[in-house]
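Hi everyone, thanks for making time.

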Amino acid sequence: MNLLNLTRSELERLCTENGQPKFRALQLTKWIHKKGVQDFAKMTDIQGAFRDYLGRKLNVHVPKIIQSTKSADGSEKWLFKLESGEVVESVLIPENGRITACVSSQVGCAVDCSFCATGHQGFSRNLSLGEMLGQVWAINYMANVGRVTNVVLMGMGEPLLNYSNLKEFLKYLLLDEAYGLSRRKVTVSTSGIVPFIDRLRVDCPVSLAVSLHAASNELRNKLVPINRKYPLEQLMRACRDYQDSAPRKFITFEVVLLDGVNDSLNDALAISRLIEDYGVNAKFNLIPYNAFGGGTFKKPVAEKIKGFQIKLQESGHVATVRKTRGDDVEGACGQLSGIVNNRISRVGSREKAEIAGLF
Ligand code: SAH
Ligand code: SF4
């Protein structure tokens, strides 16, 4: 059994059921997440007999890194092979003294946004707590660039549809004995799963990014199909409620700019009005569409992107354009793992490990 899959209270129970004090759980957490130690034998302040027991019954298993690709902009895309043979991506972004880990929460994604390579894979399964923690652990202790300072859930999958694991994952990110990050340095990005935005606000209000993309239900229904279930009126209400609990008192709105679809000045104005109508403090993160095989959209030309940004700024909003990361290597997030996972799902399980093992 992988110890990384145990929540804090499960770990405490494991300790007390074996005659250990509750605080042993925090000592174990510290060894694993704060010091990067996987071998129980090296955890010198844990009683010897309990260390032996842990060594017999458990391990600290981190998904295997099967490929690491460095981009010209300094970011690194890592491919992790899970025990199921499937593959997920994480991105390590060193910038201005920060080390940001962009992690995945699911294999594939059921939301199926029309412009997204992960969505095109379909949904396979939720990542476990250990698989999510394993990505951060690996970047922290295996990348040789220093400690992770920020975590964003902007890799593969819809984090709020893996809520119970996400919640426990966030708790470890914030826990001093683990990663000790402040709530403002942890960002959950969502396509707009309204009931879970409300739950996150109460349970663990970290920074929130909402993938907005359009100001009308008509267009958003096409781009983000979950909008039919949770339309803009509900989403904006949830954002307004969230911002009072948010660590930075604003919500980040991501807008993937698609040529001729949502990139006109009128689109920018409509988005700006929507935010104002609901009294939400917004920061915009404009993401030029990242093309991938199978995608039918086009990235707008640079002037169009600039014009959109300026329109939002003139309307009084903070708007930045995200550098397209790793354009030179793997393109869109989910693209590379999509190629691998599609090959895996087309063949029988016997061959799964073999194919992932090609790397
Ligand atoms: N499921 C969550 C988080 C993962 S996607 C969400 O949708 O927010 C992270 C971001 O990548 C989202 O803002 C999403 O809209 C964006 N994205 C997806 N496919 C993209 C593509 N092909 N080009 C640019 N951005 C993309
Ligand atoms: Fe899922 Fe996010 Fe991709 Fe939409 S953009 S399919 S929610 S990962």
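**Asp45 and its contacts**

Okay, so if we skip its neighbours within four places in sequence, Asp45 is in contact (heavy atoms within 4.5 Å) with Arg24, Gln27 and Trp31. With Trp31 there's a side-chain to side-chain polar contact of 2.7 Å. By polar contact I mean a pair of N or O atoms within 3.5 Å, where within protein one must be able to donate a hydrogen and the other to accept it, and residues adjacent in sequence count only if both atoms are side-chain atoms. Asp45 sits in the loop between α2 (24–34) and α3 (48–57); helices here are DSSP runs of H or I, at least four residues, strands are runs of E, at least two, and both are numbered from the N terminus. Arg24 is 21 residues away along the chain, with 9.2 Å between the two C-alpha atoms. And Asp45 is partly exposed because its relative accessibility is 40%; buried would be under 20%, exposed over 50%, with a 1.4 Å probe and protein chains only.

Quick housekeeping: this is a predicted model, so local features need pLDDT of at least 70 and side-chain atom pairs 80 or more, while totals for chains, interfaces and linings use all residues. Residues count from 1 along each chain as written, chains are lettered from A and ligands numbered from 1 in written order, and side-chain values use heavy atoms, without hydrogens or water.

How confident is the predictor? The chain's mean pLDDT (confidence per residue, 0 to 100) is 91, and 90% of residues reach 70 or more. Over residues 343–359, though, pLDDT is below 50, and that stretch has 18 contacts beyond near neighbours in sequence.

Next, helix α9, residues 232–245. Which residues of α9 are buried? Leu232, Leu235, Met236, Ala238, Cys239, Tyr242 and Gln243. They cover an arc of only 160° around the axis, so they lie on the same side of α9; the arc is taken from the directions from the axis to the C-beta atoms. Among the elements covering them are α7 (194–203) and α10 (265–277).

Most residues other than glycine have a negative phi. Asp112, in the loop between β5 (106–108) and α4 (117–120), has a positive one of about 60°. Lys249, between α9 and β10, has phi near 60° too.

Definitions and conventions: pLDDT = per-residue confidence, 0-100.
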